[in-house]
Amino acid sequence: MRISRFHLVAVLVALAIIGAFAFFAMHRSAPHHQLRIAILSTASHDSLTAAQHGIEAGLADAGYAEGGNVTIDRRNADGDPARLATLAQSIVASQPDLIFAIGTPAAQAAARQTTKIPIVGAAITDYAAARLVKSEDAPGTNVTGTSDRYDAAAAVALLRDLLPSAYTIGILYDPRELSSAIEVQSFERAATAAGLRVEVLPIFHADDIAPSARWFAHRVDAFFAPTDHLIAAHIEELAAAALENDTPAPTIAASPEMLRGPVFAALGIDYEKSGREAAAIAKIILDGNAPGRIPIRHAEALTVTVP
């Protein structure tokens, strides 16, 4: 039996239509890929928590609905380096699509475990000094993110506006924390250049903060509290102890989230906004762009907050 050209074309068109319906039916019934995101935080204090809230809000704004098209695995080391390493190893073993690392130690712990999974940092002062990237303009690794580094000269100028009679500034900080050490060094250079005197006292344990502040208050006119995880967690103890002497020394904190109790004022970046910026970077990566080609983003300006 001979098949006319018309009938042959009709059969081919019918097969194409059937195939198209089958294709769309298969893809409608197939579940969408659910992204798996991990958030690893160095410790629990207000600045890091604000950054995490910003990340979560930014993800939601970008269309990532937790429990819908994304699952979020949250881990917090509570300032314990050994626990941080264990958590980073566990997260990488679970093979998430992307890791948010809040704080320099968290980013370093995650980067030690993987060079493949994208890592987006937040609340990190200097990515290059932490050896997380080749440069902040062109990271060249699986790490990128937002920085909490601010203009130290602007911070000193704001402090002088708030406390014009203060000449000697005291700083307590944990030298084991790289970001804190960089922040203190930058502030000390800027303060010295502005004609101020800076005295620095290393702190290694929370129990040493209050007695050290009482003793140090005799020698300084004011305290500057950096965004140090140890100091931030005990800022109220530092500020209260610094006011107990006959010549009380007010405390200026380096983050609005540290404005608690008797702290005189706070200056610094908006950590929640920085977290939202980190989420925006994550969206770019999840859309198919390499983290190594995304420059580190910095805060636009300092804010000043008084009670």
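Predicted model: local features only at pLDDT ≥ 70, side-chain atom pairs only at ≥ 80, totals over all residues.
Residues are numbered from 1 along each chain as its sequence is written, and side-chain values use heavy atoms, with hydrogens and water left out.

**View 1. The open sheet has six strands.**
Its order is S7-S6-S8-S9-S10-S12, with mixed pairing. S7 and S12 (303-305) sit at the edges with a single partner strand each, so one side of each has no neighbour in the sheet. On average, neighbouring strands are turned by 25° against each other, direction ignored. Strands here are DSSP runs of E, at least two residues, and helices are runs of H or I, at least four, numbered from the N terminus. Two strands pair if DSSP finds at least two bridges between them.

**View 2. S6 has parallel partners in S7 and S8.**
Six bridges link S6 (residues 168-173) with S7 (residues 197-202), and here Ile171 stands opposite Val200. Two bridges join S6 to S8 (residues 222-225), where Gly170 has Phe223 as its bridge partner.

**View 3. H6 lies across S6, S7 and S8.**
Helix H6 (residues 178-193) makes a right-handed β-α-β unit with S6 and S7; right-handed means that, with the strands pointing away from the viewer, the path from the first strand over the helix to the second runs clockwise. H6 runs at about 175° to S6. Axes are lines fitted to C-alpha atoms, for helices over the stretch in contact, and angles run from 0 to 180 degrees between N-to-C directions.

**View 4. H7 packs on the sheet too.**
Helix H7 (residues 209-216) touches S6, S7 and S8, contact meaning heavy atoms within 4.5 Å. The direction of H7 makes about 165° with that of S6.
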